[in-house]
2 protein chains.
Amino acid sequence: MTTQSIADFLEELASATPTPGGGGAAALMGAMGAGLIAMVAHVTVGKKGQDMQLQEMEQQIKEAGVLRQEFTAMISADAVAFDGLMSAFKLPKHSLDAIDRRALAIQQGYQDATEVPLSCIRACLHGLALAHRSAEQGHRNVLSDSGVAVHALLAALRSAILNVQINVPAIKDQSFVDAALNEVRAAEEEASASAAMTLDVVNARLS
Amino acid sequence: MTTQSIADFLEELASATPTPGGGGAAALMGAMGAGLIAMVAHVTVGKKGQDMQLQEMEQQIKEAGVLRQEFTAMISADAVAFDGLMSAFKLPKHSLDAIDRRALAIQQGYQDATEVPLSCIRACLHGLALAHRSAEQGHRNVLSDSGVAVHALLAALRSAILNVQINVPAIKDQSFVDAALNEVRAAEEEASASAAMTLDVVNARLS
């Protein structure tokens, strides 16, 4: 899916077909956040007088690279999970056994379609922690890019939360639902605090 | 730039080269927001029993399409403005006249590089107003997509604000700076209120 041009991706996003949709958009926002953190570190390494931070910047480039791979894989994973759910709905209902198998497949489909945004949320929390180090230690010239990374990652996380919330009412496994909703609540709290703290660093260094 | 693959765009975003950077990322987030609003309207039109909203949905598709074009054009415009500023810095300084011309070109470059995020901010405000109509009138199945549009547009707007803020300290025309900072303050206030109101609609309809 990431071999597609940006224009084609946006065209499909805007079309009536359900994928790519909000899940793919969330993953792409996360990937942009990770990409910007790597850019800030690359630029910082290239500036004179930053030798002390070389090791830290190389670590940020490495972690941001892994995160970006995770996020870009989620763009496709989200579409695959959604298509799986749609296929489950199309299973035959010609016997009681078939009806049971279909119902099970639908439940599995909803859980799979919920696991992708949950992975996205976890990657965003990691990205936000990395963005904090980026804002504190990156070069001042690219400080706004660390800030944009925060906004992109927070938007990705909150978008992924919506994608969890729209799926859970259909899931009958209450322990799965409770675990997902607890994770979502904790993630929103952690992400809000982390983003606010990092944006304070950005604003303090900007002024 | 939008003929580029998503993977290549992300690779360049992550590289040491300054464009695409936070400005391009902001514009792409805005374009995704506009794209999702169009998707919600397309899906809503396709559902039975929504005949009453046909005209409104077609209006949303039209407005979202124009907005998406504006945002995608900004991805390139941001890079062009930044490259213009970099070229101004490279102008010769061999005479007092040349030094004056270079200083003027740099000032113009900073103003041009600030106009792009200001345009992005205006488009995001329009997008957020459209997202509110989308959340209120779109089909419930794609309600989370209206919500993702809000997060993407708010992140784009706040990212564009950072791109204004990092440029203004270099701009000597105080009336330009004052106007830009006043616009930014008003936009943040309007966008926060609009996004909160729309997310309340999304949450109320989700539960």
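This is a predicted model: local features need pLDDT of at least 70, side-chain atom pairs count only at pLDDT 80 or more; totals for chains, interfaces and linings use all residues.
A salt bridge is taken here as a side-chain nitrogen of Lys or Arg within 4 Å of a carboxyl oxygen of Asp or Glu. Over all chains of the structure, the search returns 10 salt bridges.

Chain A contains six helices and zero strands, and its elements follow one another from the N terminus as α-α-α-α-α-α. Along its principal axes, the C-alpha trace of chain A extends over about 75 × 35 × 25 Å. For residues 25–45 of chain A, the unreviewed UniProt entry carries the feature "transmembrane region". In the model, this stretch is 100% helix and 0% strand, and its end C-alpha atoms lie 30 Å apart.

Within chain A, one salt bridge joins E183(A) to R122(A), where the closest N and O atoms are 2.7 Å apart. E183(A) sits in helix α6 and R122(A) in helix α4 (residues 96–137), so this pair ties together parts of chain A that are 61 residues apart in sequence.

The backbone holds a detail worth a second look. Most peptide bonds are trans. The bond from T19(A) to P20(A), however, is cis, with omega near -5°, and P20(A) is found in the loop between α1 and α2 of chain A. In chain B, the bond from T19(B) to P20(B) is likewise cis, with omega near -5°; P20(B) is placed in the loop between α1 (6–14) and α2 (22–46) of that chain.

Turning to the pair of chains, 51 residues of chain A are in contact with 51 residues of chain B. The area buried between chain A and chain B is about 4000 Å², and carbon and sulfur atoms give 74% of it. Of the area that chain A buries against chain B, 17% is supplied by I6(A), M32(A) and L162(A), more than by any other three residues.

Polar interactions also cross this interface: 12 residue pairs are in polar contact between chain A and chain B, counting pairs with both residues at pLDDT 80 or more. On the side of chain A that touches chain B, at least two residues each come from α1 (6–14), α2 (22–46), α3 (54–89), α5 (143–167) and α6 (174–206). The largest share of that side, 14 residues, comes from α5(A). Sorted by class, the side of chain A that touches chain B has 27 nonpolar, 19 polar and five charged residues.

The arrangement of the two chains can be described geometrically. In general, two copies of a chain are related by a rotation about an axis and a shift along it. Here, chain A is superposed on chain B by a rotation of 180° with 0.0 Å of shift along the axis, at an RMSD of 0.0 Å. This is therefore the relation of a two-fold axis. In chain A, the C-alpha nearest the axis belongs to S5(A), at 1.9 Å from it. The interface residues tell a matching story: 100% of those in chain A are also interface residues in chain B, so the copies meet through the same surface.

Methods: Residues are numbered from 1 along each chain as its sequence is written. Chains are lettered from A and ligands numbered from 1 in the order in which they are written. Side-chain values use heavy atoms; hydrogens and water are left out. Contact means heavy atoms within 4.5 Å. Buried area is the accessible area (1.4 Å probe) that two parts lose on being put together, summed over both. A polar contact is a pair of N or O atoms within 3.5 Å; within protein, one must be able to donate a hydrogen and the other to accept it, and residues adjacent in sequence count only if both atoms are side-chain atoms. Helices (H or I, at least four residues) and strands (E, at least two) are DSSP runs, numbered from the N terminus. Ala, Val, Leu, Ile, Met, Phe, Trp, Tyr, Cys and Pro count as nonpolar, Asp, Glu, Lys and Arg as charged, and the others, Gly among them, as polar. Copies are superposed by least squares on the C-alpha atoms of residues with pLDDT of at least 70 in both. UniProt positions are given in the numbering used here, feature names are shortened, and annotations may be inferred rather than shown by experiment.
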